[in-house]
Amino acid sequence: MTDRKSDSDSTFGLNNGMDTDNDADPNSISIEKAQRIIASTVPRVSETEELSIERALGRVLSEDMLAPIDVPSFRASAMDGYAFRFAERENALRISENSLAGHPSNDSANANECHRITTGARVPDFADTVVQQENVVLNDKLITITKQPPMGHHVRAIGSNSEKGTLLMQKGQRLGAAQIASLCAQGIQSVPVLRKIQVAMFSTGDELVNGGRVLSPGNIYDANRALLSSLLDSPGIEVIDVGIVDDSVDALQNAMQQCANADIVLSSGGVSVGDADFVRPVLEQLGQLHIWKIAIKPGRPLTFGMLGKQQPYFGLPGNPVSAAITCLFFVKPAIKAMLGEPINTMPRVHATLQTSLKKLPGRVEYQRGILKMSEAGEWQVSTTGMQDSHVVTSLHRANCFIELAFDSTGFEEGDQVTIIPFSHFSDNLL
Ligand code: AMP
Ligand code: MG
């Protein structure tokens, strides 16, 4: 029992054989540089398919979309009320017809007549303005306007949502709920999208077993394949699970060759400098290494390269928190780059720290936090506790990352810190 928390010191980099005041590694590159290298190295997908709009959620447009019609295609009322001539606004107006949504009235009316109209109904040609029903007094079939609207009020102009022939959406746009709605409003029934990306994935480690088996001494259950396929789950991604692979050069070579038809290959574990860490040498043998070591914590030994000419390979670190963070910060942006999606800087918020946080300078660190709003309307963040990268509970209890800058030496309670809410990693637009 006594050694249960024995590696908590590694939270602060004290047990990794490095300088105890500094966690920097001269061989590691910055997160931004790594992301730039990855984005410029991965191949772009060009094959497309035509999908019905019902099946297009989460896919990426392969062509610009022009608006085929004006929306709205007629002048529509924005209110329940009365359509009338602005010039007759001071007169008592007789209601001569009803224009209901889907049931337009005739276009003409005699002098001092108006049409009753509902929201979304066509505004008849004779009328130039709509007054909402709350601003009139109704007496039998006559209305008197009690609060004058400006000329043209509550009349939605033709094409005010989107004009026929103009650019509605650009290629590279991921289709979320709002984009699907906009396309449907144009009557578009099918869209050209980039084909799905196939991601092959395996875990490495002689200690790993699948759930459902009794653990032998020294074994642990594999958390990473489920973790990574869950993080990547998206309609445009097909994950191919290659299973658990032994810590040997032969087994790794076989696994990498088994993934030959995938667009991108992920593994976890075996990327450090231990006696059983063979991923890097095997990648160098079968392809080309581009990145090893990024100044990020957790996740420093992330290994990135190309198998053959066309196949990006990510060797993620084995500890689940490291695997999650490197997947979010490097693998997901790589897939976006392959699909030609713009990679935007993630929005950050600031929050008041509820406890102190320790850190050594030399890496950007992503501690796991719980963000909430105080009754006074202030964002507050507390830590999920022990931050070692094997502590999956530090991730599952969290709803945000606390981003601690490269040079930071920690923070005190009450300090403002930078936060990335987990919701920012979700691709379900809107
Ligand atoms: P490695 O990078 O292979 O040295 O692994 C680092 C740590 O992560 C070790 O404690 C491994 O047992 C652990 N680990 C590696 N792969 C997994 C996995 N798939 N699920 C859970 N823990 C893992
Ligand atoms: Mg291992």
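Colleague: Which polar backbone atom is 3.1 Å from an oxygen atom of ligand 1?
Modeller: One of Asn319. That is a polar contact, meaning a pair of N or O atoms within 3.5 Å. The model is predicted: local features need pLDDT of at least 70, side-chain atom pairs need 80 or more, and totals for chains, interfaces and linings use all residues. Side-chain values use heavy atoms, without hydrogens or water.

Colleague: What does the side chain of Asn224 do there?
Modeller: An N or O atom in the Asn224 side chain is 3.2 Å from a nitrogen atom of ligand 1. Glu207 has a polar side-chain atom 2.5 Å from a ligand oxygen atom.

Colleague: How much of ligand 1 does the protein bury?
Modeller: 76% of the 480 Å² that ligand 1 exposes taken alone. Areas are Shrake-Rupley, with a 1.4 Å probe.

Colleague: How many residues surround ligand 1?
Modeller: 15, with Glu207, Asp222, Ala223, Gly270 and Asn319 the closest. Near means a heavy atom within 4 Å.

Colleague: Switching topic. How many helices and strands?
Modeller: Seven helices and 28 strands. These are DSSP runs: helices are H or I, at least four residues, and strands are E, at least two.

Colleague: What about confidence?
Modeller: Mean pLDDT, the predictor's confidence per residue from 0 to 100, is 94, and 95% of residues reach 70 or more. Over residues 5-18 it is below 50. Where pLDDT is low, the predicted coordinates should not be read in detail.

Colleague: And what does the C-alpha trace span along its principal axes?
Modeller: About 95 × 50 × 40 Å.

Note on methods. Residues are numbered from 1 along each chain as its sequence is written. Chains are lettered from A and ligands numbered from 1 in the order in which they are written. A polar contact is a pair of N or O atoms within 3.5 Å; within protein, one must be able to donate a hydrogen and the other to accept it, and residues adjacent in sequence count only if both atoms are side-chain atoms. Contact means heavy atoms within 4.5 Å.
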